[in-house]
Amino acid sequence: MPSNAILHFFLPEARSIRIITCTDGNINGTWIVHYSLPGSADKLVVLQRLNPAVFPDPHGLMENFRIVTRHLAEQREARGDTPLFPRLLANPSGQDFFLDTDGSLWRMCSYIGPARVLHTLTAPQAGLAGDMLAHFHLLSKDIASDQLTDPLPGFHDTPGYLTKFDAIAAQHTPKSSVEEYCFKSISSLRQVASLFSPLMSQLRSQVVHADPKNSNFLFAQDSEQILSLIDLDTVRYGYILHDLGDCLRSSCNRAGEESDNPTFSPEHFTALLAAYLTRARHLLSKTDEGLLLESASLLIFELGLRFFTDHLQNNVYFKVHYPAQNLHRALVQFRLHASLMAQESELQKRVKSLLT
């Protein structure tokens, strides 16, 4: 919860402050702040605490955030038909971040809403997510790679995650049937980690979101419209297929990421890819087009691997609400991967049809 010192730093003249905690994020802390100023109506802003254990260079991250949000705002002003993205807000002295004594960085952003976050999507909603991701890629493609620092060195380095897991796993033996299942899943899927490695030079690279999961799409409160794609801290220069794969991983899980029985939905898969390709197929290379299903396979495996590794390390990276949550999250991803593979032939047919 933000302290009075932090609230006073950003809103020194605010009155009647009311704070609502947002519980959806796995990394940062987020609060919606309702406040008023003398002689004005109530206002809403978003206050965030960046996790110092995850982001080693908060100043570089903030500069990325300034560059990306400024670019998106300029695109909106020039085009007039682009989605609304968060804007960085400064205090009356022009300062846009507060560095806490524990090393965590606080910032304030514009509120977009009223909105809702969905943890499971219908197939049409998955299509809307695909269209929004395509929109983001089109708007951000002109940001030069040398403008941004890498906020998460090693992010989406699946072989690197596997190497880290191997070092940690050597010190553990399964303590439950669920742990045993996860160990066996990783053993049988090891080859997935290097799926893209020999093809990197042929994949489309540009500025990407890097975390386009369900909870980062803001849906309008009273309609099916997507208002925004938020959580821009991970924005970096990377591969479009990593974004597409992660979006498919999250959006095509019909039962949601906390379900005991996840199912990879062909209908969601088709709707999302059809919407993305309609708007932004020209961004993809031929190699990208040949790896659309594989991108989902890779990102499902990668996240399961990361969740299970964090569980073995006693939950040092992802926020948890109970001790075994990262173990359960890993179980969900490995079961989701099994669901995808059971339908591989049908899903590849759908890809071929969309690309024809």
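Mentor: The discussion below takes up a strand, the salt bridges, the aromatic pairs and a pocket.

Trainee: What kind of model is this, and which pLDDT limits apply?
Mentor: This is a predicted model, in which local features need pLDDT of at least 70 and side-chain atom pairs count only at pLDDT 80 or more, while totals for chains, interfaces and linings use all residues. Residues are numbered from 1 along each chain as its sequence is written, and side-chain values use heavy atoms, with hydrogens and water left out.

Trainee: Let us start with β2. How many of its residues are buried?
Mentor: Eight of the eight residues of strand β2 (residues 29-36) are buried. Buried means under 20% relative accessible area, exposed means over 50%, and partly exposed lies in between, with a 1.4 Å probe and protein chains only. Strands are DSSP runs of E with at least two residues, helices are runs of H or I with at least four, and both are numbered from the N terminus.

Trainee: Which residues sit on each side of β2?
Mentor: G29, W31, V33 and Y35 lie on one side, and T30, I32, H34 and S36 on the other. Both faces are covered.

Trainee: How many bridges join β2 to β3?
Mentor: Seven bridges join β2 to strand β3 (residues 43-50), and the two run antiparallel. Two strands pair if DSSP finds at least two bridges between them. Within this pairing, W31 stands opposite L47 in β3. The two strands form a hairpin with six residues between them, and G39 in the turn has a positive phi of about 80°.

Trainee: And how many join β1 to β2?
Mentor: Six bridges join strand β1 (residues 15-22) to β2, again in an antiparallel arrangement. I19 stands opposite V33 in β2.

Trainee: Changing topic: how many salt bridges are found in the whole structure?
Mentor: The search finds 19 salt bridges. A salt bridge is a side-chain nitrogen of Lys or Arg within 4 Å of a carboxyl oxygen of Asp or Glu.

Trainee: Which residue does D233 pair with?
Mentor: D233 forms a salt bridge with R107, with the closest N and O atoms 2.7 Å apart. The pair links distant parts of the chain: D233 is in the loop between β10 (226-229) and β11 (236-239), R107 is in strand β6 (residues 105-110), and they are 126 residues apart.

Trainee: Is that pair buried or exposed?
Mentor: D233 counts as buried because its relative accessibility is 2%. R107 is also buried, with a relative accessible area of 1%.

Trainee: What about E224? Which residue is its partner?
Mentor: E224 forms a salt bridge with R116, the closest N and O atoms being 2.8 Å apart. This pair, too, links distant parts of the chain, since E224 is in the loop between β9 (217-220) and β10, R116 is in strand β7 (residues 115-116), and 108 residues separate them. E224 is partly exposed at 40% relative accessible area, and R116 is partly exposed at 22%.

Trainee: Which residues form a network of salt bridges?
Mentor: R254, E267, E346 and R350 are linked in such a network.

Trainee: On to the rings. How many aromatic pairs are there?
Mentor: The whole structure has 11 aromatic pairs. One of them joins F165 and F308, which are tilted, 6.1 Å centre to centre with 40° between the planes. Rings of Phe, Tyr and Trp (its six-membered ring) pair if their centres lie within 6.5 Å; planes under 30 degrees apart count as stacked, over 60 as edge-to-face and the rest as tilted.

Trainee: Where do F165 and F308 lie?
Mentor: F165 lies in helix α4 and F308 in helix α9, so the pair ties together parts that are 143 residues apart in sequence. F165 is buried at 4% relative accessibility, and F308 is buried at 0%.

Trainee: Which rings are linked into a cluster?
Mentor: Ring pairs link F9, F10 and F98 into a cluster.

Trainee: Finally, which classes of residue line the second largest pocket?
Mentor: Its lining has 11 nonpolar, four polar and four charged residues. Here Ala, Val, Leu, Ile, Met, Phe, Trp, Tyr, Cys and Pro count as nonpolar, Asp, Glu, Lys and Arg as charged, and the others, Gly among them, as polar.
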